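These are my notebook entries on one structure. I set down what I looked up, in the order in which I looked.

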Amino acid sequence: MEVNENISSVNQSATSDEYLVVLRLSIAVICILSIIGASLIIITYFAFKDVRTIARQLLVNLSIADLITALANLIGLLVNFEKYLNSNVIPKHEQNKGMEIFCIIQAFFAQFGTDVSILWTIVIALYMLIIVVFKKIDLAEKLVP
């Protein structure tokens, strides 16, 4: 009976470890693709003057927020904070205070980027509503600085 429980816990641990590897790899790929995509949008906006419209400016603002989010999430993935800040593994008095501050800063930027991204999406939706539904292009352009 005891042998079966040990084998079961080993298999469960291996499955859990494989799951975490796949999860971390998929998150890394998503973050890298987001960084590349947002960077390309930002670079093309500043490289080509003929594409600098108000709609593209809104898209660049959204891309900057997405870039901040993707970078913060990638940093959080690479640093592996739970190794440093898990009180079940390391007693609280032995935890790395520098890593705790870094974790807070990383979490702030991840949340800030996400919140700003949501707000810019709302601005884009309102901009499109005014242009497409109400057909008031002049009003929409006045609302965006």
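Predicted model: local features only at pLDDT ≥ 70, side-chain atom pairs only at ≥ 80, totals over all residues.

Entry 1, R24. I located R24 in helix α1; helices are DSSP runs of H or I with at least four residues, strands are runs of E with at least two, and both are numbered from the N terminus. I then looked up its cover: R24 counts as partly exposed because its relative accessibility is 29%. The classes are buried (under 20% relative accessible area), exposed (over 50%) and partly exposed (in between), with a 1.4 Å probe and protein chains only. I also noted that R24 and L74 lie 50 residues apart in sequence, while their C-alpha atoms are 9.6 Å apart in space.

Residues are numbered from 1 along each chain as its sequence is written, and side-chain values use heavy atoms, with hydrogens and water left out.

Is S63 buried or exposed? S63, in helix α2, counts as buried because its relative accessibility is 4%. Not counting residues up to four places away in sequence, I found S63 touching A38, I41 and I42; contact means heavy atoms within 4.5 Å.

I looked up the largest nonpolar core and found eleven residues, including A28, A38, I42, L74 and L77. Such a core is a set of buried Ala, Val, Leu, Ile, Met, Phe, Trp, Tyr and Cys residues joined through side-chain atoms within 4.5 Å. Helices α1 (2-47) and α2 (54-79) each supply at least two residues of this core, and α1 gives the most, with six. Leaving aside neighbours within four places in sequence, A28 is in contact with L74 and L77. I found a second, separate core of six residues, among them L58, Y127, A140 and V144.

The 26 residues of α2 should span 38 Å, and the end C-alpha atoms are 38 Å apart, so the two agree. After α2 comes N80, whose phi is positive, near 60°.

I counted five helices and zero strands. Of the 145 residues, 21% count as buried. Among contacts between residues at least 6 apart in sequence, 57% join residues at least 24 apart.

Conventions
Expected span 1.5 Å × (residues − 1).
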